[in-house]
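Student: I'd like to take a close look at one part of this model with you. Could you walk me through it slowly?

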Amino acid sequence: MDLVLSVADYYLLTPYAYPAWWPEDDIFRQTISLLIVTNIGAFILYFIFASLNYYFVYDHSLMKHPQFLKNQVAREIKSTVLSLPWISLPTVALFLLEVRGYSKLYDDLGDFPGGWLKLIGSVISFLFFTDMMIYWIHRGLHHRLVYKSFHKPHHLWKIPTPFASHAFHPVDGFLQGLPYHLYPFLFPLHKVAYLSLYILVNIWTISIHDGDFRVPQILRPFINGSAHHTDHHLFFDYNYGQYFTLWDRIGGSFKNPSAFEGKGPLTYVKNMTEEKGNDHLGNGCKNEKLINGKCTKNE
């Protein structure tokens, strides 16, 4: 994050916003810069990747589902726009600690024993650590004492779109993002890997709300994709995981996605559309017989 901060500070903020006499390592200047960079970055990530997913991946027939809300996309976007600035406040506090050298982030591969091999290992451990932490945080947010206050707003979207991905209550959004920020305080991680993973996990969060239920057969038992997460929105007590199904299986909350069993939202919409078509066709067939969806005249 300090790499991004340095670039933004030097090329954008220093010549136009900050007086020359204000030291770059001043904590107040760093806080202001981080607030600006974090909020702009979050909105760019959200709108670019959610829009791309919505227009090129998301199956719009899902919007015909009876549980899809009126003006839902606009409401998802509004919820996100109102929440992200609040989520950024505690997030910036953690970024500030990282920038000021309190984490285990490092710059040079040569500074870390094992080089590239350790880097690859740290990326894998980041994914498994954050998946485990998010599972328990997410499951905890479903406890009756906190659910209505913090997590229920995200479950308003029973049939989510990519724009629902960040439509959280601010407390919910921060808590589910917390493991990403905790990791570099506990384990060494390269700064470029940290920034790249932070971007990728946000894209992944968008992707599990996109209604594209296709997963390679070999990966279905392991990957927590959109089909799993859609069932979480629909059935509430299942599939809390972020990337993998591991902790849902350990915690007894795994549910094989209804979409894999031919009972998912897309199948429901398809059957509903066919039934309406058949009803319409049947009503127009006076003195005719409906056979295999086609009208044939009675003899």
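Student: In which loop does F236 lie? Please take that part closely, and then show me what surrounds it.

Tutor: Happy to. Bear in mind that this is a predicted model. F236 lies in the loop between α8 and α9, the latter covering residues 246-251.

N239 is not a glycine either, yet its phi is positive, at about 55 degrees. As for accessibility, N239 has a relative accessible area of 0%, so it is buried.

Helix α8 spans residues 226-235, and because eight of its 10 residues are buried, the helix is largely enclosed by the rest of the structure. The buried ones are S226, A227, H228, H229, T230, D231, H232 and H233. Within its own stretch of chain, the side chain of S207 reaches the backbone oxygen of W204 at 2.7 Å.

From S207 we can follow α7 to its packing against α4. The two helices meet at an angle of about 35 degrees, with their axes 11 Å apart, and their crossing is right-handed. On the α4 side the contact is made by L119, V123, F126 and L127, and on the α7 side by A193, L197 and V201. These residues divide into seven nonpolar, no polar and no charged.

F126 then takes us to the largest nonpolar core, which has 21 residues. L34, F126, Y180 and L189 are those with the most contacts inside this core. The elements that give two or more residues to it are α3 (72-99), β1 (105-106), α4 (115-141), α6 (170-186) and α7 (191-207). Apart from this core lies another, of 10 residues, among them A50, Y58, L62 and I206.

Beyond its neighbours within four places in sequence, Y180 is in contact with F126, T130, I134, Y194, V201, Q242 and Y243. Two of the names in that list, F126 and V201, have already come up at the contact of α4 with α7.

Finally, α3 is worth a visit as well, for P85, which has its place in that helix. P85 is partly exposed, because its relative accessible area is 31%. Leaving aside neighbours within four places in sequence, P85 is in contact with N39 and F43. The C-alpha atoms of P85 and N39 are separated by 6.3 Å, although the two residues are 46 residues apart along the chain.

Key. Residues are numbered from 1 along each chain as its sequence is written. This is a predicted model: local features need pLDDT of at least 70, side-chain atom pairs count only at pLDDT 80 or more; totals for chains, interfaces and linings use all residues. Side-chain values use heavy atoms; hydrogens and water are left out. A nonpolar core is a set of buried Ala, Val, Leu, Ile, Met, Phe, Trp, Tyr and Cys residues joined through side-chain atoms within 4.5 Å. Buried means under 20% relative accessible area, exposed over 50%, partly exposed in between (1.4 Å probe, protein chains only). Helices (H or I, at least four residues) and strands (E, at least two) are DSSP runs, numbered from the N terminus. Contact means heavy atoms within 4.5 Å. Axes are lines fitted to C-alpha atoms, for helices over the stretch in contact, and angles run from 0 to 180 degrees between N-to-C directions. A crossing is left-handed if the near helix is turned anticlockwise from the far one by less than a right angle, and right-handed if clockwise. Ala, Val, Leu, Ile, Met, Phe, Trp, Tyr, Cys and Pro count as nonpolar, Asp, Glu, Lys and Arg as charged, and the others, Gly among them, as polar. A polar contact is a pair of N or O atoms within 3.5 Å; within protein, one must be able to donate a hydrogen and the other to accept it, and residues adjacent in sequence count only if both atoms are side-chain atoms.
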